[in-house]
Amino acid sequence: MKFLKEGIRNEPYLLINLILAGVILLVIAYSGIFSPDKNNYPVVCIHEKLTGQPCVSCGLSHSFSLIVRGRFDEAYSWNIYGFRVFLFFISELVLRIVFSFFYIKYPRTRKELIIFDAVGSGLIFLIAFWPFITNIFGAL
Amino acid sequence: MEEVKNNKGQNLGIAALIVAIITFVLAVIPCIGLIAVIPGIIAIILASVGISQAARNNSPRGVLIAGLIIGIIAVLISFSQIFVGIRIANNAGKWPTDIQNVIDDVHDNVMKNLEDANISIKVENGEDKVEINANSSQKKKMEKTLENLEEGNKTSADTVSTNDTINKK
């Protein structure tokens, strides 16, 4: 256990993977705990609070909760980008586990693995969050 | 002789990295992106303090630098959400005017069409058929008649009809 703890501390890549996986699991847990039927979400949209107008990510929590419960049609109606963002989180969770395994198993190819991971995850991130990114650049 | 590795600043680095990654995830979502500035700044401070400690004690800085970079990127994305908010606010001010313009246009079109309208009403009841055709060519005359009626003046006819033609079949 101590070896594992020290190993993760000395390997920033493994530590990042572990933290990211933890954050994604928290997002999934948040979607599972809070109910779209009860509408008991603690997080509210700041833009909507300030301006009275919804933003591009409004309804994302509802959408995630509905996806977790298998109600995909309703999830799409709450936020059209909900599905692709949720897929990003799931794919990143899988990638963190797979890449961590390869990182430990094949120490010789670590550098290539990190570059491949950075490029691949960056691309997936851009595809998933493109509507939000264009929203930011459109505002600049 | 075995080299003793100093881990000074590593705990701060891990804390900075955790906060930075959470900040990054929050920052890219417009709804909550604005509040991500606060944990982002905390992550940068933690990473900076950790880097200075690590530099003094010659300990590894990989985690600290990763935390610092992710924290800075997250704060930049979070700051950019302010512009999104400004754009939404600007649109919020513009939308009611746009909607009012559309309503005015529709109202003008409807009024214009009604002025030029030829109205035809057909009523059927069994074998009885009544067809009423009207247009607005006699509008001024009818308005005058209406004014007379409102003032209590008697009109030449007992009944006032806006119909041009009434055909009973």
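Predicted model: local features only at pLDDT ≥ 70, side-chain atom pairs only at ≥ 80, totals over all residues.
A salt bridge is taken here as a side-chain nitrogen of Lys or Arg lying within 4 Å of a carboxyl oxygen of Asp or Glu. Arg71(A) belongs to the loop between α4 and α5 (72-78) of chain A, whereas Asp37(A) belongs to the loop between α2 and α3 (46-51) of chain A, so the pair ties together parts that are 34 residues apart in sequence. Over all chains, the count of salt bridges found by the rule comes to 5.

Within chain A, the packing of two helices was also examined. The axes of helix α2 (residues 12-33) of chain A and helix α4 (residues 60-68) of chain A come within 8 Å and cross at roughly 85 degrees. Because angles of 65 to 115 degrees count as roughly perpendicular, α2(A) is described as roughly perpendicular to α4(A). On the side of α2(A), the contact is made by Val27(A), Tyr30(A), Ser31(A) and Gly32(A), and these meet Ser61(A), Phe64(A), Ser65(A) and Val68(A) of α4(A). When the residues of this contact are sorted by type, 4 are nonpolar, 4 are polar and none is charged.

The interface of the two chains was then considered. In it, 31 residues of chain B are in contact with 32 residues of chain A, and the area buried between chain B and chain A is about 2,800 Å², of which 77% is given by carbon and sulfur atoms. Across this interface the rule finds 0 salt bridges, while 2 residue pairs are in polar contact, both at pLDDT 80 or more. On the side of chain B that touches chain A, at least two residues each are supplied by α1 (10-27), α2 (30-33) and α4 (62-115) of chain B, and the largest share, 14 residues, comes from α4(B). The residues of that side of chain B divide into 23 nonpolar, 7 polar and 1 charged.

Finally, the backbone was inspected for positive phi values. Most residues other than glycine have a negative phi. In chain A, however, Asn39(A) has a phi near 55 degrees, a positive value in a residue other than glycine, and Asn39(A) is found in the loop between α2 and α3 of chain A. In chain B, phi of Asn58(B) is likewise near 55 degrees and positive, and Asn58(B) lies in the loop between α3 (37-57) and α4 of chain B.

Terms used:
Residues numbered from 1 in each chain as written. Chains lettered and ligands numbered in written order. Heavy atoms only, no water. Contact = heavy atoms within 4.5 Å. Buried area = accessible area lost by both parts, 1.4 Å probe. Polar contact = N/O pair within 3.5 Å; in protein donor to acceptor, adjacent residues only side chain to side chain. Helix = DSSP H or I, 4+ residues; strand = E, 2+ residues; numbered from the N terminus. Nonpolar A, V, L, I, M, F, W, Y, C, P; charged D, E, K, R; others polar. Axes fitted to C-alpha atoms, helices over the stretch in contact; angles between N-to-C directions. Parallel < 35°, antiparallel > 145°, perpendicular 65-115°, else oblique.
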